[in-house]
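Please examine the sequence and the structure shown below. The paragraphs that follow lead from single positions in the chain to its larger parts.

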Amino acid sequence: MKKDVKFETKAVRTRIKPSTQKEHSLPIYETSSFIFDNAEEGRALFAEEKVGHIYTRYSNPTNDEFIMKLCALEEAEDGLATTSGMAAIFSSFVGHLKAGDHLLACRSLFGSTHQIITRILPRFGISHTYVDINDNDAWEKNIMPTTRMIFAETPSNPGLDIIDLEMLGKLAEKHNLLLVVDNTFATPYIQQPVKYGTDIIIHSTTKFIDGQGRTIGGAVIGKEKFIEDIRFIAKHTGPCISPFDAWILSKSLETLALRMDRHCDNAYKLAVYLEENQEIKWVKYPFLPSYEKYELAKKQMKSGGGLVTMELKGGAERAKKFIDSLELLSLTTNLGDTRTIVTHPATTTHSKLTEEERQAVNITRGLIRISVGVEHIEDIIADIEQAIKRSK
Ligand SMILES: Cc1ncc(COP(=O)(O)O)c(C=O)c1O
């Protein structure tokens, strides 16, 4: 395939070599291990003198196709698929940080990432400083001689805060730091952090990449020299994805662009509707002109994404009544599904943070996160409208 083909073509056409059966579509290589022709081949494969599959914890052809495709879409050099988004994040930390190192991270982060940085890494002697995303100067001010990595999530879960990727890329280069970006909310269709000098990109593939809420999975991709250290950790600690899940994800990537267009279109229309509704205290969506970093969103994102956050007048009590009044939309904790999902982060995804930690990133008790699906927008709005009325 030519290198300059478009995103949609890469998503559909990136393939591993077909087997001797000449299958047109990716098979599921559901096998733990692969046969050696003879003792010498086994030795050569383990000695890395010969390239080939040995054992699925190390590599598997189905997993390879999924990762090849994701790398093509992100314009990244190399990567590996993991059993969850959190496994991808943890493997990246363990692959590149050691006791005595310092990590600089944005304060607005997914709940479990926050737990790893705040409560798990310190047990291994790895310290951190959180930076408020609106304070661009704070990133540089908080770099210490032991700082090794910058970790950012943009847009963030659930706050939809965004960080200037170009600024972070330049800062990381200037101070010789590894820049790691969680690109779960945007997906490579909307934002490609590699273009701004990001070294390692994280995905929870559980979200938009799967797209139908079937699998838990993750991926770490980026510059080959940095992926190598993470692969070593993953090979020996075992967070490998199952070939069946990798197969689902490889197929899912083929429709990513189509789905994202619909998610983003619906999310924008919903955000506009909510902004005009008198019962709404505030609504946040990166492509609304009222969004505080609208210009930056337009610069680094192709569209506003599939998530909208809002608060109703009446705060926490009203949020609860609103959620309990929904008839069509799902009340669950996932996002990036074909089905629209409504979540209350303060009591679910971010409930393990202290009240102070939540306040620091504006996760109020009234905040409602909506992952806008691909149903007809009129039906989504109708359900939200009736729930707003009934929650009064
Ligand atoms: C931004 C972000 N990163 C990472 C994760 C963790 O992914 P997983 O649930 O696949 O482990 C999530 C999950 O919601 C997320 O939203």
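This is a predicted model: local features need pLDDT of at least 70, side-chain atom pairs count only at pLDDT 80 or more; totals for chains, interfaces and linings use all residues.

**A guided reading of the model**

Pro-158 is found in the loop between β4 and α7. Most residues other than glycine have a negative phi, and most peptide bonds are trans. Against that background, the bond joining Asn-157 and Pro-158 is cis, with omega about 0°. The peptide bond from Thr-154 to Pro-155 is cis as well, and its omega is near -5°.

Leu-160 also belongs to the loop between β4 and α7. Although Leu-160 is not a glycine, its phi is positive, at about 55°. Is Leu-160 buried or exposed? Leu-160 counts as buried because it has 22 C-beta neighbours inside 10 Å, where 20 or more are required.

Glu-75 is another residue other than glycine with a positive phi, here near 60°. Its place is the loop that runs between α3 (61–74) and β1 (78–82). Glu-75 has 14 C-beta neighbours inside 10 Å and therefore counts as partly exposed.

A further loop, between β11 (341–343) and α14 (355–360), holds Leu-353. With 20 C-beta neighbours inside 10 Å, Leu-353 counts as buried. Which residues does Leu-353 contact, once its neighbours within four places in sequence are left aside? They are Gly-111, His-114 and Arg-358. Leu-353 and Gln-115 are 238 residues apart along the chain, yet 7.9 Å separate their C-alpha atoms.

The view may now widen to the domains. The chain is divided into domain 1, residues 7–253, and domain 2, residues 257–390. Taken over C-alpha atoms, the centres of domain 1 and domain 2 are separated by 27 Å. To the contact between them, domain 1 gives 27 residues and domain 2 gives 32 residues. On the side of domain 1 that touches domain 2, at least two residues are supplied by each of α1 (7–13), α5 (111–120) and α8 (187–190). By class, the residues of that side of domain 1 comprise twelve nonpolar, eleven polar and four charged.

The packing of two helices comes next. Two packed helices are described by the angle between their axes and the distance between the axes. Helix α11, residues 256–276, packs with helix α15, residues 377–390, at an angle of about 35°, and their axes are 10 Å apart. The crossing of α11 and α15 is right-handed. Which residues meet in this packing of α11 and α15? From α11 come Asn-266, Lys-269, Leu-270 and Tyr-273, and they meet Ile-377, Ile-380 and Ile-381 of α15. Five of the residues in the contact of α11 with α15 are nonpolar, one is polar and one is charged.

The ligand remains to be considered. It is surrounded by 14 residues, and the closest are Ser-84, Gly-85, Met-86, Ser-204 and Thr-206. The shell around the ligand has four nonpolar, eight polar and two charged residues.

How values were computed:
Residues are numbered from 1 along each chain as its sequence is written. A residue is near a molecule or strand if its C-beta atom, placed from the backbone, lies within 6 Å of it. Ala, Val, Leu, Ile, Met, Phe, Trp, Tyr, Cys and Pro count as nonpolar, Asp, Glu, Lys and Arg as charged, and the others, Gly among them, as polar. Axes are lines fitted to C-alpha atoms, for helices over the stretch in contact, and angles run from 0 to 180 degrees between N-to-C directions. Helices (H or I, at least four residues) and strands (E, at least two) are DSSP runs, numbered from the N terminus. A crossing is left-handed if the near helix is turned anticlockwise from the far one by less than a right angle, and right-handed if clockwise. Two residues are in contact if their C-beta atoms, placed from the backbone, lie within 7 Å. Domain bounds come from an automatic or database domain assignment. A residue is buried if 20 or more other C-beta atoms lie within 10 Å of its own, exposed if 12 or fewer, and partly exposed in between; C-beta atoms are placed from the backbone.
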